[in-house]
Amino acid sequence: MDKPLAKTAGKVAEKVIEHTPEPIKDKVKEVAADKAKEKVVENVQDKGDKLTEKLGDAKEKLVDKVEDNAGEAKEKTRNVLLSARDKLGKVVDAGEELQDKISSANKSDDKRKVKGVSDIKGISSIKTSKDIKGATEIKTINDIRTIGS
C-alpha cells in the first residue's frame with residue numbers, strides 16, 4: 001500500500017510544481033539548496049567528530065599498550081642484567097680463587113712452581129756443536145787427581 005500512496009504523492013507534487021509561479025519555484029530551490037548544504041555540513045561534521053573520537057580512543061589505547069610493553073621490556077632487561085651481574089660475580093670469585101691457589105702453590109711448593117719468562121732458556125744459552133767437548137778435551141787418567149797425589 002505504501003507504493004501506490006508514494007506514487008500518488010509524487011504525482012501530486014509534480015502537479016503542484018507545474019502550477020507554481022517561477023519566483024516561488026526559485027525561492028523554494030534556494031531554500032532547498034540551503035537546507036541541503038546545512039544537512040551535508042552537519043553530516044560531515046558528525047562524521048569528523050566520530051572520526052576524531054575514534055582516533056582519540058585509538059591513541060589512548062596505543063599509549064597504554066606502549067607503556068605496558070615498555071614496562072615489560074624494562075623488567076626483562078633488569079632481570080637479564082641482574083643475572084649477568086651474578087654470573088660475572090661468580091666468574092670473578094672463581095678467578096680470584098684460582099689466582100690464590102696458584103700463588104699459594106708457588107710459595108709453599110717449589111716443585112709445582114710455574115716457570116716465568118725469565119726462567120726459560122734463551123737461544124744463546126743452548127749448546128751448539130762447537131760447545132761440545134772433543135776427544136782431545138776429555139780428561140785422561142793423568143789429569144784426574146787421586147787421593148794420594
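**Exercise 1. Where does Lys121 sit, relative to helix 2 (22-108)?**

This is a predicted model: local features need pLDDT of at least 70, side-chain atom pairs count only at pLDDT 80 or more, and totals for chains, interfaces and linings use all residues. Residues are numbered from 1 along each chain as its sequence is written, and side-chain values use heavy atoms, with hydrogens and water left out.

Step 1. Lys121 lies in the segment after helix 2 (22-108). Helices are DSSP runs of H or I, at least four residues, and strands are E runs of at least two, numbered from the N terminus.

Step 2. The chain has two helices and zero strands.

Step 3. Lys121 is exposed, at 67% relative accessible area. Exposed means over 50%, buried under 20%, and partly exposed in between (1.4 Å probe, protein chains only).

**Exercise 2. Check the span of helix 1 (residues 2-19).**

Step 1. The expected span is 1.5 Å times one less than the number of residues.

Step 2. For the 18 residues of helix 1, that gives 26 Å.

Step 3. The end C-alpha atoms are 26 Å apart, which agrees.

Step 4. The number of buried residues in helix 1 is zero, so helix 1 lies largely in the open. Across the chain, buried residues make up 1% of the 149 residues.

**Exercise 3. Find the salt bridge and place its partners.**

Step 1. Apply the rule: a side-chain nitrogen of Lys or Arg within 4 Å of a carboxyl oxygen of Asp or Glu. The count comes to one.

Step 2. Arg78 and Glu75 form the bridge, at 2.9 Å, N to O.

Step 3. Both residues lie in helix 2, three residues apart, about one turn of the helix.

Step 4. Arg78 is partly exposed at 38% relative accessibility. Glu75 is also partly exposed, with a relative accessible area of 39%.
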